[in-house]
Amino acid sequence: MGRLHPTWASLLGLLFFPATAPSADYTFSLKPQEDDVRLEIDGKLFTVYRTTTGPKPILWPVIGPSGAEMTRNFPMKNIAGEKPDHPHQRSIWFTHGDVNGIDFWSEMAGHGSIAHREYLRKEASGKHAVIATRNDWIDSQGKKVCEDRRTLTFAASDNWRAIDFDITLVASDGAVKFGDTKEGSMGIRIPTVMDVDSQKGGHIVNSEGDADKDAWGKQASWVDYYGTIDKRPVGIAFMNHPSSFRYPTRWHVREYGLFAANPFGLKDFVGKSDADGSHTLDEGASITLRYRMLFHLGDATSAKIAEAFQRYAKE
């Protein structure tokens, strides 16, 4: 069995366990499913990295520490009681609504798409797993606009599951401008039963103390979206690493269930027509975005999310 990376060992010791208690002993495995990869923990599904369910790679489903699914199923699967709005919000994804003027976000006519090119790494070493990929951003005419290289690292314990996203955007085919729009970028769609609008106990809180609708568009180190699934309190903490481009990011987090980190949106978030959050990469240049999604039991306080972020920030 592989040895756990020390940063994950530190996180295991931080969340939910007394300092003297041993962490849970989990084994990760990766199983090919045609062009996709199924990730299991002790033989049970955690998530599937999917490359062919729509115009961008996604993770779906995502099983939390309680055993419940912690992202919305629509549009991949229709479930009674789930909201069927915004079909482009596919479980967990990364994209942006204005790249050289092309909409990669909405999936409407003329939109761009992100095509999986290759797996760079697939590794399960006992205590954690890694999937790394290279992807092409392509306009509606089939022309490549840019590319990304993303590394996903997975870890788990009794009371949480974690996914790290390290995404490098590369101006591989000429200069590329990521425009100022609220429609972006690293996103997750909350299960309907957890969202604030459903009035079933769902709430949003960020590192600055902003709650529910007041968290929208604000800069924060982390945001926690928590509620109840199958009568158990659970939440999703979404963290932005201090080394990430434009940390602390702004959050396109909505009471209806959208939960996204957007380093390029500014005009809509601050309500100023002359604000400009766009960023241009010269040909060959790159930027890196870093996030952690922590699927946990309890709310932000009982899960010690502020402390978990401090440990993440040191990695």
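Are phenylalanine 238 and tyrosine 291 buried or exposed? Both are buried. Buried means under 20% relative accessible area, exposed over 50%, and partly exposed in between, with a 1.4 Å probe and protein chains only.

A word on the model. It is predicted, so local features need pLDDT of at least 70 and side-chain atom pairs count only at pLDDT 80 or more, while totals for chains, interfaces and linings use all residues. Residues are numbered from 1 along each chain as its sequence is written, and side-chain values use heavy atoms, with hydrogens and water left out.

Let me start with the rings. A search of the whole structure finds 14 aromatic pairs. Rings of Phe, Tyr and Trp (its six-membered ring) pair if their centres lie within 6.5 Å; planes under 30 degrees apart are stacked, over 60 edge-to-face, and the rest tilted.

Take phenylalanine 178 and phenylalanine 264. Their ring centres are 5.1 Å apart and their planes sit at 15°, so this pair is stacked. It links distant parts of the chain, 86 residues apart. Phenylalanine 178 is in strand 10 (residues 176-178), and phenylalanine 264 is in the loop between strand 16 (258-262) and helix 2 (267-270). Helices (H or I, at least four residues) and strands (E, at least two) are DSSP runs, numbered from the N terminus.

Now back to the opening pair. Phenylalanine 238 and tyrosine 291 are edge-to-face, 5.7 Å centre to centre, with 75° between the planes. Phenylalanine 238 lies in strand 14 (residues 232-240) and tyrosine 291 in strand 18 (residues 286-297), so the pair ties together parts 53 residues apart in sequence.

There is also a cluster. Phe94, Phe104, Trp137, Phe178, Phe245 and Phe264 form one aromatic cluster.

Phe94 takes us to strand 5. Strand 5 (residues 92-96) is mostly covered: five of its five residues are buried. Ile92, Phe94 and His96 point one way, and Trp93 and Thr95 the other.

What does strand 5 pair with? Two bridges join strand 4 (residues 58-62) to strand 5, and these run antiparallel. Five bridges join strand 5 to strand 11 (residues 184-189), again antiparallel. Two strands pair if DSSP finds at least two bridges between them. On the strand 11 side, threonine 95 stands opposite serine 185.

Strand 4 has another partner. Three bridges join strand 3 to strand 4, antiparallel, with threonine 47 opposite valine 62. Five of the seven residues of strand 3 (residues 44-50) are buried, so strand 3 is largely enclosed by the rest of the structure.

Eight strands form it in the order 6-7-8-9-18-14-13-12, with antiparallel pairing. Strand 6 (113-124) and strand 12 (203-206) stand at the edges, each with a single partner strand, so one side of each has no neighbour in the sheet. Inside that order, strand 7 (residues 129-138) and strand 8 (residues 144-157) pair over 10 bridges. There, threonine 133 has arginine 150 as its bridge partner.

Last, two charges over rings. The test is NZ of Lys or CZ of Arg within 6 Å of the ring centre and within 35 degrees of the ring normal. Lysine 122 lies over the face of tyrosine 119, at 4.6 Å from the ring centre. Arginine 161 lies over the face of tyrosine 26, at 5.3 Å.
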